[in-house]
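Please consider the following chain with attention to its surface, its overall pattern and the aromatic rings within it. The paragraphs below take up these topics in turn.

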Amino acid sequence: MIKSVFSRLIILTIVFVIGCRMSYGQETEWSRHQIKFSPVRTINWFSPGLELSYELGYGKFSTQLSGAYLTDIFNIVPRGSNFTGYRVNLEEKYFHKTFSKKIRNYISAEIGYNQIDMTVYSEFVPHHYLNESWEVQEENVYWDYCDMNRKSIIGNIKYGMQFVVNHFILDIACGIGVMHQNVSHFNKRNPKDKLVRTEPEDIITPLFYEEGKYFIFNLPLSFKIGLTL
């Protein structure tokens, strides 16, 4: 079911791109170039970094390409160090209502890709206790470091608004989507030992640290500021 939804998101983005190209020249209002920075990206808990976006508008449509150098500037990644990676996103927007020459809203389809490498400090269960009870595992856990690689493919549907004052632009959006995680652990004390905890009493962090391939739901929140050219 989730794989089907994810495939439809990718197809929808492609359809948006083709459709807006066919509509180019039919609308001229708000047709402009935008260069934007994402300050919220610097404090993202699981994929922080420095992100820039370029948006090309044509009538009621626009295409936005974003790229980020992922780095943990403020040391907020849970039990993570040596954090590095990159992110690329392609977003197609349809502006369905313009309130004035300074405000308009849109719906969009977005696809993206993350790749992250980092060192994790966590609890591990020795492999020969993995089939034992939870109590026995808790008695035998140990703390250690391992290296982690995480690749994520993202598909989102979003609703947003743009505000322009002179040549300054504010772009705010939120939405829902799915994310496919491909997480690998390396350099463990024993390759068969299992990473079991990175942050006490936290149910979200394991979704980004658990080894394996799996889908999770995504709730994107975007806040970008920049200039129109």
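This is a predicted model: local features need pLDDT of at least 70, side-chain atom pairs count only at pLDDT 80 or more; totals for chains, interfaces and linings use all residues.

The accessible surface of the chain amounts to about 12400 Å², and carbon and sulfur atoms account for 62% of that surface. Of the 229 residues in the chain, 44% are buried.

We turn next to the secondary structure. The chain contains three helices and 10 strands. Followed along the sequence, these elements occur in the pattern α-β-β-β-β-β-α-β-β-β-α-β-β.

In total, eight aromatic pairs are counted. One of them is formed by Phe46 and Phe208, whose rings are stacked, with 4.1 Å from centre to centre and 5 degrees between the planes. Phe46 belongs to the loop between β1 (33–37) and β2 (49–58), while Phe208 belongs to helix α3 (residues 206–209), and the pair therefore ties together parts that lie 162 residues apart in sequence.

A second example involves Phe124 and Tyr142. These residues form a stacked aromatic pair, with 5.6 Å between the ring centres and 20 degrees between the planes. Phe124 is located in strand β5 (residues 103–125) and Tyr142 in strand β6 (residues 142–165). The two residues are 18 residues apart, and their pair links distant parts of the chain. Both Phe124 and Tyr142 are buried.

Which residue lies over the face of Tyr142? That residue is Arg189, at 3.9 Å from the ring centre. Tyr142 thus takes part in a stacked pair with Phe124 and also has Arg189 over its face. A further arrangement of this kind involves Phe95: Arg104 lies over the face of this ring, at 3.5 Å from its centre.

Terms used. Residues are numbered from 1 along each chain as its sequence is written. Side-chain values use heavy atoms; hydrogens and water are left out. Helices (H or I, at least four residues) and strands (E, at least two) are DSSP runs, numbered from the N terminus. Buried means under 20% relative accessible area, exposed over 50%, partly exposed in between (1.4 Å probe, protein chains only). Accessible areas come from the Shrake-Rupley method with a 1.4 Å probe; for residues, only the protein chains shown count as cover. Rings of Phe, Tyr and Trp (its six-membered ring) pair if their centres lie within 6.5 Å; planes under 30 degrees apart count as stacked, over 60 as edge-to-face and the rest as tilted. A charge sits over a ring if NZ of Lys or CZ of Arg is within 6 Å of the ring centre and within 35 degrees of the ring normal.
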